[in-house]
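Subject: Structure handover

Hello,

Here is the structure I promised to pass on. My notes follow below it.

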Amino acid sequence: MKQDYIKFPLHLIFHPIDAFWDLKSDQRGRLTVAFGALALTIIMMILQKQYAGFLVNYIDPRTINSIGEIATVAVPFFLWCIANWAVTTLMEGEGKFRGIFLATGYSLIPIILIYIPMIIISRFMVQEETAFYYLFNSIAFFWFLLLLFIGTMTVHQYTVIKTILTMLLTVIVMGIIVFLGALVFSMLQQLYEFGYNIYRELIFRT
Amino acid sequence: MARTVKRWFVLLAAVSLLLVNAVPAAASPAPYESYNYNYWKEAVPAPDAYLPKRTISGSDLGIGEFKDPGDVNVSPSGQIYILDSGNSRIVVLNGEYKLLRVIEGFMMDGSKESFNTPSGLFVDEEDRVYIADTGNSRVVVLDAEGQLVHTITKPESDILSTNFQFQPLKLTVDRVGRVYVVAQGVYEGIMQFDEHGQFIGYVGTNKVERDYGEYIWRLFSTKAQRAQMVLFVPTEFSNVDIDAKGFVYATNIDPGSSEPIKRLNPSGEDVLKRFGYFEVKGDIRFRNNPGPSKLIDVKVLGNGMYSVLDATQNRVFTYDDEGHLLYVYGGKGNQVGTLKTPVAMEQSGNHQLVLDRGKSNLVVYEPTRFGTSVNEAVALHYQGEDTQAVHIWKEVLKLNANYDIAYIGIGKSLLMEKKNEEALGYFELGMDRKSYSVAFKRYRREMMKEHFGTFLTLAIALICMLILVRVAAKWRRRRQIDREAGLH
């Protein structure tokens, strides 16, 4: 229990190359952990907006919206997984969807671990020290990117160049998915309008 | 039964109608909406700082209507000089807005001279009147009796081109008699003349705002195309004023500029303080109105405050010395207090005057309780009397609880009195992160000094406890092993 859910994720973020391999070949990844990491990341984002110190918190309190926060983290997360799966299927990637999902989820762990203390410490900072707050937030982000990179590389058994290429392609595909989604949505709306107009026409003409 | 109920309803409706009609009559005496920008750059309604009191037209004074009046200036002794450009005369009023005299012209070399579409004037401390006589390409200087002192004509200088036209528009004069002239078509800066009318040079130049899109476009154009494009030249100044320390305040009407107001030091550098949350440029957000403010006049009010007149929305914006927007009044319209084509603004005592060319009259604005309190508090703060300012800031907050500057003012005073913890709350309300940081640093140090001993004691106690627990556990385990080995 403790081994899989706490010790392994912590081991993973410090030894990503070994651990992602274990995650893939020894079936050590747990979907619960990936989902948990996603949920905690969302919670951290919300907490940061709400409770970060006054000197670093430039959020207009009237715009804080937890639903919006969930959407801004979860939607790109799933989009990434789907787009990455779509791209790597075509590019001879070894990873299954589960593997991609696990790798992405586990990569979020540094963000959670760094955000918790930074939210607390930021409340005791003065202006000169806020540089550390921003530094650590950037570290969290780049650590996440690094893990995502190594995760993608290991899961699909890619070379470095191919991984970078795949990640860029994934971002493009994410855009395409959003575009197609908007297109479908707009068309459905027009279809609905059309049907509704016919209905109205029939109702009022008889 | 039903009829009675109905009747009651009708009666109730009638009474409610009466009440509804009774309320709005006393809602707002101002014909415009006053507002201020909050930290998030939203225009939030604010109490009126100034209310229109009366208007003064030429027929009120019994001298015939003004025709295209161009400028107004209040002399240090309190007389109001109105430049009636269309009638080429200067109308002088006293502080009670009663007519004193009319200057129609002056004697020069034995012959009577008059003005030709003058557009600017200034009165200095010795009541000398400087008139920018645009149509005659000269600046006329008259003494207090209306006698000619000298004129400033087209300057001779190597840095001026031969076909240069000297058409002075607005001017101001410093304490030693140097004249600063804004002239038409001169984008090199403000022309500076010495007390004898000799051209000294230019001060303060507007920077050219680079438009990078245009710049790239230019790279791909042919020579013929480039010749047809607009030139990047700095914009001209629109008006000048001078403060008691000799700093020249100047406005320009560059639509894209974020620094349309400048405070020029003697070497021509811009030293205006811009410590507010947003740029010192009039309106900062335009939802229903056409673009940025076009600032056409600036007036130094004393105590670091200055007002600017915006010709886009016909409003007056007043700032304190640190660049915080204090209040806004005025607007477009035809009522008393709203403006048609404002051209100049001035301060006379505690009144503010705006000259309206469109309606050919002078509008007198009187400060309200809110406006007076803000002015007083800003003045006290400027003079360093922050403790005295606190009472007035509290008064201001009663009238407008959204007034950020008041919170900051109170916070600063508390900070001075070393009440750091209370100051924190005020700075947070005023969204002043810099001062908040200062207060928090002191508060944190205070707390540390106070509680460091307790903290250390607790920490040592905790460490001792941990060690004890560890030792106990170890001892137990050893006992266990010993027991299993049958030693007990």
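B:I190 has B:V203 as its bridge partner in β17(B). Strand β16 (residues 190-193) of chain B is joined to β17(B) by four bridges, and the two run antiparallel. Two strands count as paired if DSSP finds at least two bridges between them. Strands are DSSP runs of E with at least two residues, helices are runs of H or I with at least four, and both are numbered from the N terminus.

A word on the source. This is a predicted model, in which local features need pLDDT of at least 70, side-chain atom pairs count only at pLDDT 80 or more, and totals for chains, interfaces and linings use all residues. Residues are numbered from 1 along each chain as its sequence is written, chains are lettered from A and ligands numbered from 1 in the order in which they are written, and side-chain values use heavy atoms, with hydrogens and water left out.

**Sheets**

The pair above belongs to an open sheet of four strands in chain B, in the order β14-β15-β16-β17, with antiparallel pairing. Its edge strands are β14 (168-173) and β17 (199-203) of chain B, and each pairs on one side only. From one strand to the next, the twist averages 30 degrees. Angles run from 0 to 180 degrees between N-to-C directions, and axes are lines fitted to C-alpha atoms, for helices over the stretch in contact.

Another open sheet in chain B has four strands in the order β4-β5-β6-β7, again with antiparallel pairing. β4 and β7 (99-103) of chain B stand at its edges with a single partner strand each, so one side of each has no neighbour in the sheet. Neighbouring strands here are turned by 20 degrees against each other on average, direction ignored. β4(B) pairs with strand β5 (residues 80-84) of chain B over four bridges, in the antiparallel sense. There, B:V72 has B:I82 of β5(B) as its bridge partner.

**A helix pair in chain A**

α3(A) and helix α5 (residues 97-107) of chain A have axes that come within 8 Å and cross at roughly 45 degrees. That angle makes α3(A) oblique to α5(A). Under 35 degrees counts as roughly parallel, over 145 as roughly antiparallel, 65 to 115 as roughly perpendicular, and the rest as oblique. The crossing of α3(A) past α5(A) is left-handed, a term for a near helix turned anticlockwise from the far one by less than a right angle, with clockwise being right-handed.

**Pockets**

The search uses a 1 Å grid over the protein atoms alone: a cavity is a set of points where a 1.4 Å probe fits but cannot get out, a pocket is an open set with protein on both sides within 12 Å along at least five of seven lines, and lining residues have an atom within 4 Å of a point. Points are joined across faces, edges and corners, and a volume is the space filled by probe spheres set on them.

The largest pocket holds about 840 Å³ of space. It is lined by 40 residues, and the closest to its centre are B:I242, B:D243, B:A244, B:K245 and B:V300. Elements of chain B that give two or more residues to this lining include β4 (71-74) and β18 (237-242). β21(B) gives the most, with four residues. By class, the lining has 15 nonpolar, 11 polar and 14 charged residues. Nonpolar means Ala, Val, Leu, Ile, Met, Phe, Trp, Tyr, Cys and Pro; charged means Asp, Glu, Lys and Arg; the others, Gly among them, are polar.

The second largest pocket has a volume of about 700 Å³. Of its 30 lining residues, A:F54, A:P61, B:W40, B:E428 and B:M431 lie nearest its centre. α3 (31-51) of chain A and α7 (404-416), α8 (420-430) and α9 (433-484) of chain B each supply at least two lining residues. The classes are 17 nonpolar, six polar and seven charged.

**Cavities**

There are five cavities of 30 Å³ or more.

The largest share of its lining, four residues, comes from α7(B).

Best wishes
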